[in-house]
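Here is a short briefing on a single protein chain. Keep the sequence and the structure in view while reading.

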Amino acid sequence: MIVTVTPNPALDVTYTLDRLTPGRSHRVQQVVQRAGGKGVNVASVLTQLGYAATVLGPCGGTTGAELRHDLRDRGVLTALTDVEPPTRRTVTVVEADSTATVLNEPGRLSAHEWDEVAARVRTVLREPVEVLVASGSLPRGAPEDAYADLVAEARSAGVPCIVDTSGPPLLAAVAAGPDVVKPNQHELAEVTGTDDPAAGARELQGLGARTVVVSRGRDGVLVVTPDGASYAARPREPLQGNPTGAGDAAVAALAAGLLEQPWPDLVRTVVGWSSAAVLAPVAGMVDRAAVHDLTVSALGGEA
Ligand SMILES: O=P(O)(O)OC[C@@]1(O)O[C@H](CO)[C@@H](O)[C@@H]1O
């Protein structure tokens, strides 16, 4: 079982339209509303591809009820914690040229409610768990070291953990010694102050992360492990679709392959899964055939 923790899940609203012009009103062509938040998307992708995954995190209000129902309808397992603040919403506007504009509400959670979520994680970690994934922003009110706590819980349970967050919560998590962190290149530059992804990755290793996976959009994925570095990228044909959630599919691939695939293979799998997510209309979705084709066609090697 792979367990994903999303401290700040969301009801994602995705609008599709030809072109977004700030300051104008628009007629939306298509609306999709579904359960989201980064760890929720990771579990959604894993479930679609036949892996056992369970979503943990807080859930509140009518938005939280919709999130819960949507996950149940899609067969995604949950062990959510009921909280008072309503689950936030996010809005993504996807244009015909594949540009995605994302508006993330901040979300809210008290420190006490975070403790309840963390206690649930601790209980679940007593069961056989292969990998713990902790992803996304922290809601207002949650302690900044929430991810560091999760890493410490996973380490004391002997469960490998993958963290995907940004800013101060990322630095706090790194200091707790996670197995893998997956910043994108902007998040890495923000916390390390360097635009060189290999140098930034080594800096995070110096601060406590074992392996650093840097997602670089069209420039592919760089992995820096204690034993060396590998990269993979797509051949140069552009992919049309919705890039939101590509990072979550990358994390799903990491979780699925961490215990099974050597890094040079796994990094190509990461590129395949995240590229397939770009082709899907909404975050947290992939097509199985696309996953296969895009993994086989990914190019990679030692960095
Ligand atoms: O506010 P966060 O947690 O950073 O990001 C939230 C979010 O935009 O990221 C996902 C795509 O990665 C969406 O499903 C989701 O709602």
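A salt bridge here is a side-chain nitrogen of Lys or Arg within 4 Å of a carboxyl oxygen of Asp or Glu. D82 and R68 form such a bridge, with their closest N and O atoms 2.8 Å apart. The pair links distant parts of the chain, 14 residues apart: D82 belongs to strand β5, R68 to helix α2 (residues 61–73). The model is predicted. The points below go from the whole chain to single residues.

**Overall fold**

- The chain holds 10 helices and 14 strands.
- Its radius of gyration is 18 Å, close to the 19 Å that the globule rule gives for 303 residues, so the chain is as compact as a globular protein of that length.
- Along the principal axes, the C-alpha atoms fill a box of roughly 50 × 45 × 40 Å.
- Of the 303 residues, 53% count as buried.
- The accessible surface comes to about 13,200 Å², and carbon and sulfur atoms account for 50% of that area.
- Take the contacts between residues at least 6 apart in sequence: 66% of them join residues at least 24 apart.

**Annotated domain**

- An unreviewed UniProt entry places the feature "domain: Carbohydrate kinase PfkB" at residues 15–279.
- The span 15–279 is 40% helix and 23% strand.
- The end C-alpha atoms of residues 15–279 lie 16 Å apart.

**The ten-stranded sheet**

- An open sheet of 10 strands runs in the order β5-β4-β1-β8-β9-β10-β11-β12-β13-β14, and its pairing is mixed.
- Which strands form the edges? They are β5 (77–82) and β14 (299–302), each of which pairs on one side only.
- β9 (residues 161–164) and β10 (residues 180–181) run parallel and are joined by 2 bridges. V163 stands opposite V181 in β10.
- β12 (residues 221–225) and β13 (residues 228–233) run antiparallel, with 5 bridges between them. V221 stands opposite A232 in β13.
- A hairpin through 2 residues connects β12 to β13.
- β13 also pairs with β14: 4 bridges join the two, and they run antiparallel. Y231 stands opposite G301 in β14.
- In general, side chains in a regular strand alternate between the two faces of the sheet.

**Salt bridges**

- How many salt bridges does a search of the whole structure find? The count is 5. Three of them are described in this briefing, including the D82 and R68 pair.
- D82 sits in edge strand β5. At 58% relative accessible area, D82 is exposed, because the cut-off for exposed is over 50%.
- R74 and D70 meet through their side chains in a salt bridge of 2.9 Å, N to O. R74 is partly exposed at 25% relative accessibility. D70 counts as buried at 18%, because buried means under 20%.
- R89 and E105 also meet in a salt bridge, again 2.9 Å from N to O. This pair links distant parts of the chain, 16 residues apart: R89 lies in strand β6, E105 in the loop between β7 and α3 (111–124).
- R89 is partly exposed, with a relative accessible area of 43%. E105 counts as partly exposed at 30%.

**A buried arginine**

- R234 lies in the loop between β13 and α8 (246–257).
- Is R234 buried or exposed? R234 is buried, because its relative accessible area is 13%, and the cut-off for buried is under 20%.
- R234 touches L239, V271, S275, L294 and S297, leaving aside residues up to four places away in sequence.

**A serine with positive phi**

- Most residues other than glycine have a negative phi.
- S98 has a positive phi, near 75°.
- Where does S98 lie? S98 is in the loop between β6 (88–94) and β7 (100–104).
- S98 counts as buried, because its relative accessibility is 13%.

Key:
Residues are numbered from 1 along each chain as its sequence is written. This is a predicted model: local features need pLDDT of at least 70, side-chain atom pairs count only at pLDDT 80 or more; totals for chains, interfaces and linings use all residues. Side-chain values use heavy atoms; hydrogens and water are left out. Buried means under 20% relative accessible area, exposed over 50%, partly exposed in between (1.4 Å probe, protein chains only). UniProt positions are given in the numbering used here, feature names are shortened, and annotations may be inferred rather than shown by experiment. Two strands pair if DSSP finds at least two bridges between them. The radius of gyration is taken over C-alpha atoms; the globule rule is 2.2 Å times the number of residues to the power 0.38. Contact means heavy atoms within 4.5 Å. Accessible areas come from the Shrake-Rupley method with a 1.4 Å probe; for residues, only the protein chains shown count as cover.
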